[in-house]
Amino acid sequence: MNVYDGQRIAAMLEKHGFTQTENVSDADLIILNTCSVRAKATDKVYSALGRIRRAKKESALLGIVGCVARESGADAFRRIPELNFVLGPQSYHKLPEIIKNPDTKLLNIDLGGLEKFDELPQMTKTPLVAYIPVQEGCNHCCTYCIVPYTRGRELSRPFNDVINDVINASKTGAIEICFLGQNVNGYRYTDENGKLYKLSDLIRETAKLPEISRIRFTSSYPTEMSDDLIEIFGTEPKLLPFLNMPIQSGSPRILKKMNRPDDIDAYKTIVKKLKSVRNDIQISSDFIVGFPDESDEDFEQTLNIAREIKYINSYSFKYSPRPHTAAALMSNQISEQIKSVRLQRLDLQLNENQREFNMSCIGKEMICLYESVDKTGRHLVFRTPYMQQCIVDKPNEDIAPLQKIKITDANKSCLRGEIIK
Ligand code: SAH
C-alpha cells in the first residue's frame, strides 16, 4: 500500500515539474511516507526526521504523509518544528497546496475516503508489478490494530474505476497486477443498477487482458474467503497459486481476545478447499506473538498451527501496543523478554517450513517475472509464482520479463535457477 502511495505521490509531483533525487541535501521537497502499524515503524520516522533536518537545504520543504501523520497530527509540528506539512493517508493528494503556499504549515489528517483516487493522476509508466488498491480502511477492528483509526472505515472503490486503473497499468508496462486492500477479499461494490461486484469479478475481468500474465491480492481476512473466490483459483490460471491469509495466533482463546475468527477448524477447512481446487496452492500468514495474556500453552498452539499448515513464508511480529486500540488497555501485557523468546522459537519453525518448501522446488520449472539486477551486476533476480526470489546468471542479450526457469538449487531465503531457452 505504501509503495502504491509513494508511486502516486511521485507521479503527482512530476506533474508539478519535480524530478527525483537520491540525495537529501539536493532536494527542494522531502516527504516521508510513513507506517504506524507497530511502534518501531513510528519511532523510525522520528529518528529519520532528526537526520534529515540536519542534512537538508535550509529552503527545502519537509513533511510527513501517511499513517504516522494521521496518528501524530499537530503534535508532529511540536516535535519537529522544521516540518512544513503533515498529511494523512487519505489526504496526501492535497500536497500541491504546500508547493503553492510554502510559507504556511499544512495539516490535513481527514479521512477523505475514496476522494484521493479521483484526484491522483494516472501513471504514464507503470513498473512490471502494478499495485492497485480496491478499497481503503477496514471494518474488522482487530483489537491490536491501528488501521481502522488511521485509514478509517472500509470503503470499496467502484468496479469500473479499479478496472480503468488496471487497463491503464496494462497499457503502460504492467505484467502483474496486485490488488490491495486492508481486507481485500471483503471487496464489495454495488453499482447504480444494484449489481454486486466482488474480488472474483475484478480478477475475472483483469484476466481478460492479454498484457497481464499474473494476478494476486493481499491481505485476506480468513472468513471473507468466499466460495466464488476459492473457485477462481481453480479456473483462472493467471491467478498465482499463492495466498497470504493471516491467522495471527493458533489459540482460539487469544483469537477471541484479538476479535479475530477463532474457529481453527473453519480456517483449516478453507485451506483444504483451496487445495482441492488447485493442489499446488501455498499459503503464507502473519503472526503476532506475546498478545496480552498469551500463555505458554497458547503460544504452543501457534507453533502447532505453523507446523501443521506448513506456511511457506510468513511475517512474524512481537505484539506492539498501539494508541486508539483496545488491546493496549488489556491486562496481563507480556514482557519484552518473553515476546523475544517466543518470536525466536516461532521463527525457527517458519524458517524451517520455508527452507523445506524452497528445497522441494529444486528440479521444477517455473514461469518467473523479472525483478532486478543484483548488487554484483552479474545476476538477475526473478520472482516465482510463490514470490520466492530466484537468481539466474545474467545473459548477454536482453530478455523478456517473463521467463521459464529451471530451479537448480535452494536455501532458506532464495532459489537458484537457469533460464530455459
Ligand atoms: N490487514 C492488514 C494488516 C496490516 S498490518 C493488511 O493489509 O495487511 C500487517 C500485519 O502486522 C498484521 O497482519 C499483523 O500480523 C501485524 N500487526 C498489526 N498490528 C500489530 C500490532 N499492534 N503489533 C504487532 N503486530 C501487528
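Predicted model: local features only at pLDDT ≥ 70, side-chain atom pairs only at ≥ 80, totals over all residues.

Modeller: A disulfide is a covalent bond between the sulfur atoms of two cysteines.

Biologist: How many disulfides does the structure hold?

Modeller: There are zero disulfides in the structure. Cysteine 178, for instance, takes part in none, and its nearest cysteine sulfur belongs to cysteine 35, 16 Å away.

Biologist: Is cysteine 178 buried or exposed?

Modeller: Cysteine 178 has a relative accessible area of 1%, so the residue is buried.

Biologist: And cysteine 414, how far away is the nearest cysteine sulfur?

Modeller: For cysteine 414 the nearest cysteine sulfur is that of cysteine 390, at 8.1 Å, and cysteine 414 is in no disulfide. Cysteine 414 also counts as buried, because its relative accessibility is 16% and the cut-off for buried is under 20%.

Biologist: Let us turn to the helices. At what angle do α9 and α10 pack?

Modeller: Helix α9, residues 199-207, packs against helix α10, residues 227-235, at about 30°, and the two axes are 8 Å apart. Angles under 35 degrees count as roughly parallel, and α9 and α10 are therefore roughly parallel to each other.

Biologist: Which residues make that contact?

Modeller: From α9 the contact uses Leu199, Ser200, Ile203 and Arg204, and from α10 it uses Asp228, Leu229 and Ile232. By class, the residues of this contact are four nonpolar, one polar and two charged.

Biologist: Where is asparagine 185 placed?

Modeller: Asparagine 185 is in the loop between β8 (176-180) and β9 (188-190). Its relative accessibility is 3%, so asparagine 185 counts as buried.

Biologist: What is asparagine 185 in contact with, leaving aside its neighbours within four places in sequence?

Modeller: Its contacts are Leu199, Ser219, Ser220, Tyr221, Glu224, Met225 and Leu229. Two of these names have come up already: Leu199 of α9 and Leu229 of α10 both belong to the helix contact.

Biologist: What about the peptide bond that joins threonine 218 and serine 219?

Modeller: That bond is cis, with omega about 0°. Serine 219 lies in the loop between β11 (214-218) and α10. As background, most peptide bonds are trans.

Biologist: Which residues other than glycine have a positive phi?

Modeller: Two examples are asparagine 332, with phi near 60°, and methionine 387, with phi near 65°. Most residues other than glycine have a negative phi.

Biologist: Where are those two found?

Modeller: Asparagine 332 is in the loop between β14 (314-318) and α14 (336-360). Methionine 387 is in the loop between β16 (379-383) and β17 (389-393).

Biologist: Is asparagine 332 buried or partly exposed, and what of methionine 387?

Modeller: Asparagine 332 is partly exposed, at 48% relative accessible area. Methionine 387 is buried, at 13%.

Biologist: One more residue, please. Where does glutamine 135 lie?

Modeller: Glutamine 135 lies in strand β6, residues 135-136. Its relative accessibility is 0%, so glutamine 135 counts as buried.

Biologist: Which backbone nitrogens does its side chain reach?

Modeller: The side chain of glutamine 135 reaches the backbone nitrogen of glutamine 182 at 3.4 Å and the backbone nitrogen of valine 184 at 3.3 Å. Among the other residues that glutamine 135 touches are Met1, Glu154, Arg157 and Tyr187.

Biologist: Finally, where is glycine 173 placed, and what does glycine 173 touch?

Modeller: Glycine 173 is in the loop between α8 (159-171) and β8. Not counting residues up to four places away in sequence, glycine 173 touches Thr126, Pro127 and Leu128. With a relative accessible area of 34%, glycine 173 is partly exposed.

Definitions and conventions:
Residues numbered from 1 in each chain as written. Heavy atoms only, no water. Axes fitted to C-alpha atoms, helices over the stretch in contact; angles between N-to-C directions. Helix = DSSP H or I, 4+ residues; strand = E, 2+ residues; numbered from the N terminus. Parallel < 35°, antiparallel > 145°, perpendicular 65-115°, else oblique. Contact = heavy atoms within 4.5 Å. Nonpolar A, V, L, I, M, F, W, Y, C, P; charged D, E, K, R; others polar. Buried < 20%, exposed > 50% of the residue type's maximum accessible area, 1.4 Å probe, protein only. Polar contact = N/O pair within 3.5 Å; in protein donor to acceptor, adjacent residues only side chain to side chain. Disulfide = S-S within 2.5 Å.
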